[in-house]
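Please look over the sequence and the model first, and then read on.

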Amino acid sequence: MATVPAGRDKYRSFLDDESDNVQWRHGGPPTYDVVNQLFEQGRTKEWEKGSLEEIVQNAIKTWEMELSHKVRLQDFKSINHEKFNLIVNGREGLKGEEALKMGSYNALLKNSLPKEFQYYKADEESFESSHEAFRSAFPRGFAWEVIHVYSGPPLISFKFRHWGIFEGPFKGHAPTGEKVEFYGIATVKVDEGLKVEKVEVYYDPAQLFGGLLKGAPISISSSPTHHASACPFHSPS
């Protein structure tokens, strides 16, 4: 749970901190200008600076940034490397290296339904293909906000909202131009140094895919192969 000043980005920490020693996935720190604009235009809450809600919101954005853009777990400054565990909808937890290899989208969307009933087959997606799918669907990014904080450290619990504008193709479905959003509940356990030890997330994936699968079917050949940068679970958030 990062409380360090955000530097170049007012919602995320560690983007400038010792950047020469950090291995970034795309060669350097990401920029969040586009998704920050989406966030500011579409948020339903504007938390007071320094409030618990703002601190939690920025901490989760920082963790998501590290998960999406840093190559090595040792470069993560928002988590307890030894204890970190990510649990989504009650499934078996993922350790730090597992979550890093899988990527935030695959970690959040993996499920145990039979293949024929899965909206999204996380087991068949790589880190790169999963991010490309959502960059395609949400060219302006996938914004994220805290709606309510129920308890503070060491066990933080909160409600969140995740949204984007469906302006690009997704898995053979044409964009609708509509807002796609979902809500969820999460808990975050932090250690004495406010490093994240455990994250539990609960949400209904049907809220997300209900919007994405509304688009008319399109041929694969008509889908663009490259889109402007955007992030995942928060992110960009």
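## A hairpin and its strands

In the hairpin of β5 and β6, five residues lie between the strands, and Leu194 takes a positive phi near 65 degrees. Strands here are DSSP runs of E with at least two residues, while helices are runs of H or I with at least four, and both are numbered from the N terminus. This is a predicted model, in which local features need pLDDT of at least 70 and side-chain atom pairs count only at pLDDT 80 or more, whereas totals for chains, interfaces and linings use all residues. Residues are numbered from 1 along each chain as its sequence is written, and side-chain values use heavy atoms, with hydrogens and water left out.

Seven bridges join β5 to β6, and these strands run antiparallel, while strand β1 (residues 85-88) runs parallel to β6 and is joined to it by four bridges; two strands pair if DSSP finds at least two bridges between them. Lys198 of β6 is the bridge partner of Asn85 and also that of Lys189. Because six of its eight residues are buried, strand β6 (residues 196-203) is largely enclosed by the rest of the structure, where buried means under 20% relative accessible area, exposed over 50%, and partly exposed in between (1.4 Å probe, protein chains only).

## The nonpolar cores

A nonpolar core is a set of buried Ala, Val, Leu, Ile, Met, Phe, Trp, Tyr and Cys residues joined through side-chain atoms within 4.5 Å. The largest one has 44 residues, of which Leu86, Phe134, Phe158, Phe170, Leu208 and Leu212 touch the most other members. Strand β5 (residues 179-190) gives the most to this core, with five residues. Apart from this core lies another, of 12 residues, among them Leu15, Val35, Leu38 and Met65.

## Around Met102

Met102 lies in helix α3 (residues 96-102) and is partly exposed, with a relative accessible area of 22%. Not counting residues up to four places away in sequence, Met102 touches Leu94, Ala107, Lys110 and Phe127, where contact means heavy atoms within 4.5 Å. The C-alpha atoms of Met102 and Glu125 are separated by 8.7 Å, although these residues are 23 apart along the chain.
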